[in-house]
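These are my notebook entries on a single chain, kept in the order in which I looked things up.

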Amino acid sequence: MLNNAARTAIALGSNIGNSQGILAGALEALAQTSGITIEAKSSWYRTKAIGPTQPDYLNGCAILLVQMSPQTLLEQLLTIEQKFGRERQEHWGPRTLDLDLLLYDDLILHQPNLQIPHPRMTERAFVLVPLVEIAPDWIDPISQRVIRDLLLEIDTNDVHLF
C-alpha cells in the first residue's frame, strides 16, 4: 500500500472493439502508472447503453490507491482513454474506453472539469452494481449512505455478469 495514498473508485466502460481486451489493457496501464496501485477490481458486466442506439457496454469498477491530486488522476485517466483510441464526438456516444473518477476518499469537489463524487453515479446501475461488488460499505460523501444501500433504489435489470 502506498503511504498517504487516497482511496479512489473509478468506473471503466467500453463498447467499441475488443472491449474485454481494452478494459484489461486500461487496468494494466493504470497499474504501470507511477503513484497508482490497484487495490481491487470488479467483475465485468454487460449493460445496455444510455443515449443513441449503439452496442451494449462492458462495464466494471476498480479501487485505486493514488498518490496524486484528483486533477492529476483525471489527467491520467484521460491520457489512458486516448491511448486506447477514445474520441469525444457524440455525447453519450459509443466509445473504445471510458474511465470515470467516481470517488476520491470522502472528498466533495465541484470544478468545471471535475465533480467528485461523480454527479450521476448514484443513478447508474452499471456503476453501482460493480462498485458494490468491491466497495459495498463505501459511504457516498453527499448522501452519507453506503453504496450497497444506494443500489437498492435503482433498476438493475439491464446489468448482467459477463
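Entry 1: I started at Ala31, which is found in helix H1 (residues 19-31); helices here are DSSP runs of H or I with at least four residues, strands are runs of E with at least two, and both are numbered from the N terminus. The model is a predicted one, so I kept in mind that local features need pLDDT of at least 70, that side-chain atom pairs count only at pLDDT 80 or more, and that totals for chains, interfaces and linings use all residues. Residues are numbered from 1 along each chain as its sequence is written, and side-chain values use heavy atoms, with hydrogens and water left out.

Ala31 counts as partly exposed because its relative accessibility is 42%, where buried means under 20% relative accessible area, exposed over 50%, and partly exposed in between, with a 1.4 Å probe and protein chains only. Setting aside neighbours within four places in sequence, I found Ala31 in contact with Ile36 and Ile38, contact meaning heavy atoms within 4.5 Å. Ile36 belongs to strand S2 (residues 36-41) and is buried, since its relative accessibility is 5%.

I also noted two C-alpha separations: Ala31 and Arg95 are 64 residues apart in sequence and 22 Å apart in space, while Ile36 and Ile147, 111 residues apart along the chain, are separated by 23 Å.

**Entry 2: salt bridges.** How many salt bridges does the rule give? The count comes to five, a salt bridge being a side-chain nitrogen of Lys or Arg within 4 Å of a carboxyl oxygen of Asp or Glu. I looked up three pairs.

Arg148 and Asp137 form another, with the closest N and O atoms 2.0 Å apart. This pair links distant parts of the chain, Arg148 being in helix H4 (residues 147-151) and Asp137 in the loop between helix H3 (125-134) and H4, 11 residues apart. I put both partners down as partly exposed, because Arg148 has 37% relative accessibility and Asp137 has a relative accessible area of 49%.

The side chains of Asp56 and Lys48 also meet in a salt bridge, at 3.8 Å, N to O. Asp56 is partly exposed at 28%, and Lys48 counts as partly exposed at 47%.

**Entry 3: backbone exceptions.** Most residues other than glycine have a negative phi, and most peptide bonds are trans, so I listed the departures.

- A cis peptide bond joins Ile116 and Pro117, with omega about -5°; Pro117 lies in the loop between strand S7 (114-116) and H3.
- Asp105 has a positive phi, near 50°; I placed Asp105 in the loop between strand S5 (98-104) and strand S6 (109-111), partly exposed at 33% relative accessibility.
- Gln144 has a positive phi too, near 60°; Gln144 sits in the loop between H3 and H4 and is exposed, with a relative accessible area of 55%.

**Entry 4: the second largest pocket.** Which residues line the second largest pocket? I read off Thr47, Lys48, Ile50, Glu123, Arg124, Ala125, Phe126, Asp155, Asn157, Asp158 and Val159. On a 1 Å grid over the protein atoms alone, a pocket is an open set of points where a 1.4 Å probe fits, with protein on both sides within 12 Å along at least five of seven lines, and lining residues have an atom within 4 Å of a point. The volume is about 150 Å³, taken as the space filled by probe spheres set on points joined across faces, edges and corners.

By class I recorded four nonpolar, two polar and five charged residues in the lining; Ala, Val, Leu, Ile, Met, Phe, Trp, Tyr, Cys and Pro count as nonpolar, Asp, Glu, Lys and Arg as charged, and the others, Gly among them, as polar.

**Entry 5: Thr47.** Not counting residues up to four places away in sequence, Thr47 touches Asp56, Tyr57, Asn59, Phe126, Asp158 and Val159.
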